[in-house]
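Me: I have a new structure open and would like to be walked through it slowly. Could we start with how neighbouring pieces of the chain pair up?

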Amino acid sequence: MGQARPRTTDIRQATDQDIEALRAIDPLLLREGDRSRHLVHAVAAGQCHILQEGSAACAYGVLTDQFFHQRFIALLIVADERRNRGLGTIMLRHLRALCPTAKLFTSTNLSNVGMQRLLLREGFIQSGVILHLDENDPELVFHSPACSAGPFKAPEDGF
Ligand SMILES: CC(C)(COP(=O)(O)OP(=O)(O)OC[C@H]1O[C@@H](n2cnc3c(N)ncnc32)[C@H](O)[C@@H]1OP(=O)(O)O)[C@@H](O)C(=O)NCCC(=O)NCCS
(Lines give C-alpha, C1' and ligand atoms only; values in the text may rest on other atoms or scores of the structure.)
Protein backbone atom coordinates (compact mmCIF):
# COMPACT_ATOMS: atom_id res chain seq x y z
CA MET A 1 0.00 0.00 0.00
CA GLY A 2 1.27 3.53 -0.67
CA GLN A 3 -0.64 6.37 0.94
CA ALA A 4 -3.78 5.45 2.87
CA ARG A 5 -6.68 6.04 0.46
CA PRO A 6 -8.55 9.31 0.93
CA ARG A 7 -12.01 8.52 2.26
CA THR A 8 -14.71 9.99 4.43
CA THR A 9 -13.32 8.88 7.74
CA ASP A 10 -13.79 10.83 10.91
CA ILE A 11 -11.81 10.23 14.10
CA ARG A 12 -12.86 11.77 17.39
CA GLN A 13 -12.56 11.18 21.11
CA ALA A 14 -14.95 8.42 22.18
CA THR A 15 -17.60 9.16 24.80
CA ASP A 16 -19.82 7.01 27.02
CA GLN A 17 -22.33 7.02 24.18
CA ASP A 18 -19.85 5.06 22.02
CA ILE A 19 -19.38 2.10 24.38
CA GLU A 20 -21.87 -0.07 22.49
CA ALA A 21 -20.21 0.78 19.17
CA LEU A 22 -16.80 -0.04 20.65
CA ARG A 23 -18.15 -3.44 21.75
CA ALA A 24 -19.34 -4.08 18.20
CA ILE A 25 -15.87 -3.25 16.84
CA ASP A 26 -14.14 -5.44 19.42
CA PRO A 27 -16.11 -8.52 20.53
CA LEU A 28 -13.36 -9.35 23.07
CA LEU A 29 -14.80 -6.51 25.16
CA LEU A 30 -17.86 -8.65 25.77
CA ARG A 31 -15.82 -11.70 26.77
CA GLU A 32 -13.01 -10.15 28.82
CA GLY A 33 -14.09 -8.11 31.83
CA ASP A 34 -10.64 -6.57 32.36
CA ARG A 35 -10.43 -5.34 28.78
CA SER A 36 -13.88 -3.83 29.08
CA ARG A 37 -13.08 -2.10 32.40
CA HIS A 38 -9.86 -0.66 30.98
CA LEU A 39 -11.72 0.63 27.97
CA VAL A 40 -14.44 2.30 30.05
CA HIS A 41 -11.66 3.96 32.06
CA ALA A 42 -9.87 5.06 28.85
CA VAL A 43 -13.08 6.57 27.49
CA ALA A 44 -13.65 8.47 30.74
CA ALA A 45 -10.03 9.71 30.65
CA GLY A 46 -10.38 10.94 27.06
CA GLN A 47 -7.78 8.42 25.86
CA CYS A 48 -9.99 6.45 23.47
CA HIS A 49 -10.44 7.56 19.87
CA ILE A 50 -13.04 6.11 17.53
CA LEU A 51 -12.93 6.03 13.73
CA GLN A 52 -16.14 6.17 11.73
CA GLU A 53 -16.72 5.77 8.00
CA GLY A 54 -19.96 7.58 7.42
CA SER A 55 -22.13 6.46 10.32
CA ALA A 56 -20.32 3.12 10.76
CA ALA A 57 -17.92 2.81 13.71
CA CYS A 58 -14.96 0.86 12.30
CA ALA A 59 -11.95 1.15 14.59
CA TYR A 60 -10.69 2.49 17.87
CA GLY A 61 -7.36 3.32 19.45
CA VAL A 62 -6.29 4.02 23.03
CA LEU A 63 -3.41 6.42 23.66
CA THR A 64 -2.24 6.44 27.27
CA ASP A 65 0.52 8.26 29.17
CA GLN A 66 1.37 5.43 31.54
CA PHE A 67 4.49 3.96 29.98
CA PHE A 68 7.71 5.24 31.58
CA HIS A 69 6.47 8.85 31.27
CA GLN A 70 5.89 8.30 27.52
CA ARG A 71 2.78 8.06 25.40
CA PHE A 72 1.77 4.48 24.59
CA ILE A 73 -0.78 3.04 22.19
CA ALA A 74 -2.40 0.45 24.42
CA LEU A 75 -4.93 -0.77 21.85
CA LEU A 76 -5.51 -0.36 18.13
CA ILE A 77 -8.46 -2.38 16.89
CA VAL A 78 -10.14 -2.43 13.50
CA ALA A 79 -13.46 -4.29 13.16
CA ASP A 80 -12.81 -7.69 11.62
CA GLU A 81 -14.77 -7.06 8.43
CA ARG A 82 -13.10 -3.67 7.86
CA ARG A 83 -9.47 -4.80 7.97
CA ASN A 84 -6.93 -4.52 5.14
CA ARG A 85 -8.46 -1.30 3.81
CA GLY A 86 -6.06 1.19 5.36
CA LEU A 87 -8.08 2.04 8.47
CA GLY A 88 -5.43 0.75 10.89
CA THR A 89 -2.90 2.96 9.13
CA ILE A 90 -5.19 5.97 9.35
CA MET A 91 -5.80 5.42 13.08
CA LEU A 92 -2.10 4.85 13.80
CA ARG A 93 -1.17 8.07 12.00
CA HIS A 94 -3.90 9.93 13.88
CA LEU A 95 -2.65 8.72 17.26
CA ARG A 96 0.91 9.62 16.32
CA ALA A 97 -0.22 13.11 15.32
CA LEU A 98 -1.93 13.49 18.71
CA CYS A 99 1.21 12.42 20.58
CA PRO A 100 2.70 15.49 22.26
CA THR A 101 5.95 13.79 23.24
CA ALA A 102 9.10 13.06 21.26
CA LYS A 103 8.59 9.32 21.28
CA LEU A 104 5.52 7.14 20.94
CA PHE A 105 5.54 3.55 22.14
CA THR A 106 3.32 0.56 21.54
CA SER A 107 3.58 -3.20 21.75
CA THR A 108 2.20 -6.33 20.21
CA ASN A 109 2.60 -10.07 20.55
CA LEU A 110 5.26 -11.88 18.55
CA SER A 111 2.42 -13.86 16.96
CA ASN A 112 0.70 -10.69 15.70
CA VAL A 113 2.46 -10.41 12.37
CA GLY A 114 -0.18 -8.05 10.92
CA MET A 115 0.37 -5.42 13.61
CA GLN A 116 4.15 -5.77 13.31
CA ARG A 117 3.94 -5.20 9.54
CA LEU A 118 1.81 -2.10 10.08
CA LEU A 119 4.21 -0.69 12.68
CA LEU A 120 7.33 -1.34 10.61
CA ARG A 121 5.69 0.10 7.51
CA GLU A 122 4.87 3.25 9.49
CA GLY A 123 8.45 3.69 10.68
CA PHE A 124 8.22 2.19 14.14
CA ILE A 125 11.41 0.57 15.46
CA GLN A 126 11.60 -2.35 17.83
CA SER A 127 12.61 -1.29 21.36
CA GLY A 128 12.62 -4.52 23.28
CA VAL A 129 10.83 -7.65 24.34
CA ILE A 130 8.81 -8.39 27.44
CA LEU A 131 8.50 -12.03 28.39
CA HIS A 132 5.81 -13.73 30.48
CA LEU A 133 2.93 -11.30 29.89
CA ASP A 134 1.37 -13.94 27.65
CA GLU A 135 3.13 -17.25 28.19
CA ASN A 136 4.77 -18.52 24.99
CA ASP A 137 3.97 -15.32 23.08
CA PRO A 138 6.50 -12.57 23.89
CA GLU A 139 5.40 -8.94 23.78
CA LEU A 140 7.44 -6.88 21.30
CA VAL A 141 7.76 -3.21 22.22
CA PHE A 142 8.08 -0.66 19.40
CA HIS A 143 8.59 3.06 19.29
CA SER A 144 8.19 5.78 16.74
CA PRO A 145 10.93 8.38 17.01
CA ALA A 146 9.11 10.76 14.70
CA CYS A 147 6.73 12.54 17.08
CA SER A 148 6.89 16.29 17.20
CA ALA A 149 7.09 17.79 20.68
CA GLY A 150 9.67 17.72 23.43
CA PRO A 151 9.94 15.29 26.31
CA PHE A 152 6.93 14.55 28.49
CA LYS A 153 6.94 16.84 31.55
CA ALA A 154 6.04 14.97 34.69
CA PRO A 155 3.50 16.76 36.88
CA GLU A 156 5.19 18.72 39.68
CA ASP A 157 3.31 16.81 42.34
CA GLY A 158 4.47 13.47 40.93
CA PHE A 159 2.37 10.52 39.80
C1 LIG B 1 -3.53 -4.93 13.19
C2 LIG B 1 -4.73 -4.15 12.69
C3 LIG B 1 -5.02 -2.98 13.64
C4 LIG B 1 -4.42 -3.60 11.28
O5 LIG B 1 -5.54 -2.85 10.84
P6 LIG B 1 -5.91 -2.75 9.29
O7 LIG B 1 -6.99 -1.77 9.13
O8 LIG B 1 -6.14 -4.11 8.73
O9 LIG B 1 -4.53 -2.15 8.73
P10 LIG B 1 -4.27 -1.59 7.26
O11 LIG B 1 -5.43 -1.90 6.38
O12 LIG B 1 -3.85 -0.18 7.37
O13 LIG B 1 -3.01 -2.45 6.83
C14 LIG B 1 -3.12 -3.87 6.79
C15 LIG B 1 -2.78 -4.42 5.39
O16 LIG B 1 -3.77 -4.04 4.45
C17 LIG B 1 -3.15 -3.47 3.32
N18 LIG B 1 -4.07 -2.49 2.72
C19 LIG B 1 -4.43 -1.32 3.25
N20 LIG B 1 -5.29 -0.69 2.41
C21 LIG B 1 -5.48 -1.52 1.37
C22 LIG B 1 -6.26 -1.44 0.20
N23 LIG B 1 -7.03 -0.40 -0.06
N24 LIG B 1 -6.25 -2.48 -0.64
C25 LIG B 1 -5.48 -3.56 -0.39
N26 LIG B 1 -4.71 -3.70 0.72
C27 LIG B 1 -4.72 -2.68 1.56
C28 LIG B 1 -1.91 -2.85 3.86
O29 LIG B 1 -0.92 -2.62 2.88
C30 LIG B 1 -1.47 -3.90 4.84
O31 LIG B 1 -0.85 -4.96 4.16
P32 LIG B 1 0.41 -5.73 4.76
O33 LIG B 1 -0.03 -6.35 6.06
O34 LIG B 1 0.72 -6.73 3.71
O35 LIG B 1 1.48 -4.70 4.96
C36 LIG B 1 -5.99 -5.07 12.56
O37 LIG B 1 -5.63 -6.23 11.84
C38 LIG B 1 -6.61 -5.47 13.87
O39 LIG B 1 -7.45 -4.77 14.41
N40 LIG B 1 -6.17 -6.64 14.40
C41 LIG B 1 -6.73 -7.17 15.65
C42 LIG B 1 -6.37 -6.33 16.83
C43 LIG B 1 -4.88 -6.22 17.00
O44 LIG B 1 -4.16 -7.21 16.88
N45 LIG B 1 -4.41 -4.99 17.31
C46 LIG B 1 -3.00 -4.74 17.51
C47 LIG B 1 -2.54 -4.89 18.92
S48 LIG B 1 -3.50 -3.96 20.08
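**Pairing, core and loops**

Reply: Strand β2 (residues 48–53) and strand β3 (residues 56–67) pair in the antiparallel sense over six bridges, where two strands count as paired if DSSP finds at least two bridges between them. Helices (H or I, at least four residues) and strands (E, at least two) are DSSP runs, numbered from the N terminus. This is a predicted model, in which local features need pLDDT of at least 70 and side-chain atom pairs count only at pLDDT 80 or more, while totals for chains, interfaces and linings use all residues. Residues are numbered from 1 along each chain as its sequence is written.

Me: Which residue in β3 is the bridge partner of His49?

Reply: The partner of His49 in β3 is Gly61, and Gly61 in turn has Leu76 as its bridge partner in β4.

Me: How do β3 and β4 pair, and over how many bridges?

Reply: β3 and strand β4 (residues 70–78) are antiparallel and share seven bridges; Phe67 stands opposite Gln70 in β4.

Me: What about the turns in the hairpins?

Reply: The hairpin of β2 and β3 has two residues between its strands, and Gly54 in that turn has a positive phi of about 60 degrees. The hairpin of β3 and β4 has two residues between the strands, and there Phe68 takes a positive phi near 50 degrees.

Me: And which way does β5 run against β4, parallel or antiparallel?

Reply: β4 and strand β5 (residues 104–109) run parallel and are joined by three bridges, with Leu104 in β5 as the bridge partner of Arg71. Together with helix α4 (residues 87–98), β4 and β5 make a right-handed β-α-β unit, where right-handed says that, with the strands pointing away from the viewer, the path from the first strand over the helix to the second runs clockwise.

Me: Zooming out, what is the order of the strands in the sheet?

Reply: Seven strands form an open sheet with mixed pairing, in the order β1-β2-β3-β4-β5-β7-β6. β1 (9–13) and β6 (125–130) stand at the edges with a single partner strand each, so one side of each is left without a neighbour in the sheet. On average, neighbouring strands of this sheet are turned by 25 degrees against each other, direction ignored; axes are lines fitted to C-alpha atoms, for helices over the stretch in contact, and angles run from 0 to 180 degrees between N-to-C directions.

Me: How many helices are there, and where does α4 lie?

Reply: The protein chain has five helices and seven strands, and its elements run β-α-α-α-β-β-β-α-β-α-β-β from the N terminus on. α4 lies across β1, β2, β3, β4, β5 and β7, at about 35 degrees to β3.

Me: New topic: how much of the chain is buried?

Reply: Of the 159 residues of the protein chain, 29% count as buried. A residue is buried if 20 or more other C-beta atoms lie within 10 Å of its own, exposed if 12 or fewer, and partly exposed in between, with C-beta atoms placed from the backbone.

Me: Which residues touch the most other members of the largest nonpolar core?

Reply: The largest nonpolar core has 34 residues, and those touching the most other members are Cys48, Ile50, Leu51, Ala59, Tyr60 and Met91. β3 supplies the largest share of this core, six residues. Such a core is a set of buried Ala, Val, Leu, Ile, Met, Phe, Trp, Tyr and Cys residues joined through C-beta atoms within 7 Å.

Me: What does Leu51 touch?

Reply: Leaving out residues up to four places away in sequence, Leu51 touches Thr9, Ile11, Cys58, Ala59, Tyr60, Leu87, Ile90 and Met91, where contact requires C-beta atoms, placed from the backbone, within 7 Å.

Me: Last one: is Asn84 buried or exposed?

Reply: Asn84 is found in the loop between β4 and α4, and Asn84 is exposed because it has 9 other C-beta atoms within 10 Å. Phi of Asn84 is near 60 degrees, a positive value in a residue other than glycine.

Technical notes
Contact = placed C-beta atoms within 7 Å.
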